[in-house]
Amino acid sequence: RDERVPQWSNQETREFIEIRAQLEWDFITAKRNKNLWEAVANRMREKGYRRTADQCKCKWKNLVNRYKGQEASDVENGRQCPFFNELHTVFTARANQMPPHVDTESTGISKGKKRLINISEDQSHHEEFSEDETTVPKRKPGREKKQQKIAGKKEIYSNKNESILNGLRETMRGFMAQQQRIDVQWKDTVKKRAHQRDIFEQEWRQTMERLERERLLMERAWREREEQRRSREENRAVKRDALLTTLLNKLLRDEISEFIAVETNFFIHT
């Protein structure tokens, strides 16, 4: 974003710091500073500089960060922050403008000042541009105190990590035990189903064999009945043929005898 906006000149930056210093008390007491940054942008336009409220806010953030970095490293060497003296004057005047009768333990503004003084401890660089209050950069605390805090945080983190790891181990043990139980149950189920399948196949095979034997018996009985029926029909046909032959022979003999008798009588009368 900084590459898309015109660069700030030294004169513009100094006038910007001066305008921002004039509204310092308003930034300290105001709960929201959006309108204040609009006022800063309007005053910049009055001086002939076209800057938006967001650009002014971002520029102030960069200036404060460079001031805090320079102050934490070497206060006497101000070459790294070209506007170190101007910013130091602003923050010194801010500390002097705080009312002496305000209780530092009961009011929100005093709590803000107390937190602003110890801003280096929690490393809240962006709190300077929050919507609630403006921070005051101070020097970092002693290295020993900082190391103690870091050691305490590391111990807390290590304890938390150990408890988390212990919880994960217990969870994994429970999961593995449950998985083993599931595997045993699955194997038992597979064995039972295989046994039931073998029993079913054996019963099915026995049933099919029994049905095949019954079919063979029924077929044999049917063939026997067919042979008996055929033999009865053959006997019946033989008897019928014999009876017909006897009747025909009898009829022929009777006709011949009658014919002979008729012929004999004829010859006798003639």
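User: In what order do the elements of the protein chain run from the N terminus on?
Analyst: This is a predicted model, where local features need pLDDT of at least 70, side-chain atom pairs count only at pLDDT 80 or more, and totals for chains, interfaces and linings use all residues. Residues are numbered from 1 along each chain as its sequence is written, and side-chain values use heavy atoms, with hydrogens and water left out. Helices (H or I, at least four residues) and strands (E, at least two) are DSSP runs, numbered from the N terminus. The protein chain has 8 helices and 0 strands, and its elements run α-α-α-α-α-α-α-α.

User: Which residues of helix 3 make the contact with helix 1?
Analyst: Contact means heavy atoms within 4.5 Å. Helix 1 supplies Glu 12, Phe 16, Ile 19, Arg 20 and Gln 22. From helix 3 come Trp 37, Val 40, Arg 43 and Met 44.

User: Is Gly 48 buried or exposed?
Analyst: Gly 48 sits in the loop between helix 3 and helix 4 (53–73). Its C-alpha atom is separated by 9.5 Å from that of Glu 12, 36 residues apart along the chain. Buried means under 20% relative accessible area, exposed over 50%, partly exposed in between (1.4 Å probe, protein chains only). Because its relative accessibility is 57%, Gly 48 counts as exposed.

User: Is Glu 71 buried or exposed?
Analyst: Glu 71 has its place in helix 4. The C-alpha atoms of Glu 71 and Phe 84 are separated by 8.6 Å. The relative accessible area of Glu 71 is 9%, so Glu 71 is buried.

User: How many disulfides does the structure hold?
Analyst: A disulfide is a pair of cysteine sulfur atoms within 2.5 Å. Cys 56 is buried because its relative accessibility is 0%. Cys 58 counts as buried too, at 15%. The number of disulfides in the structure is 0.

User: What share of the residues of the protein chain count as buried?
Analyst: The protein chain has 270 residues. The share that counts as buried is 20%.
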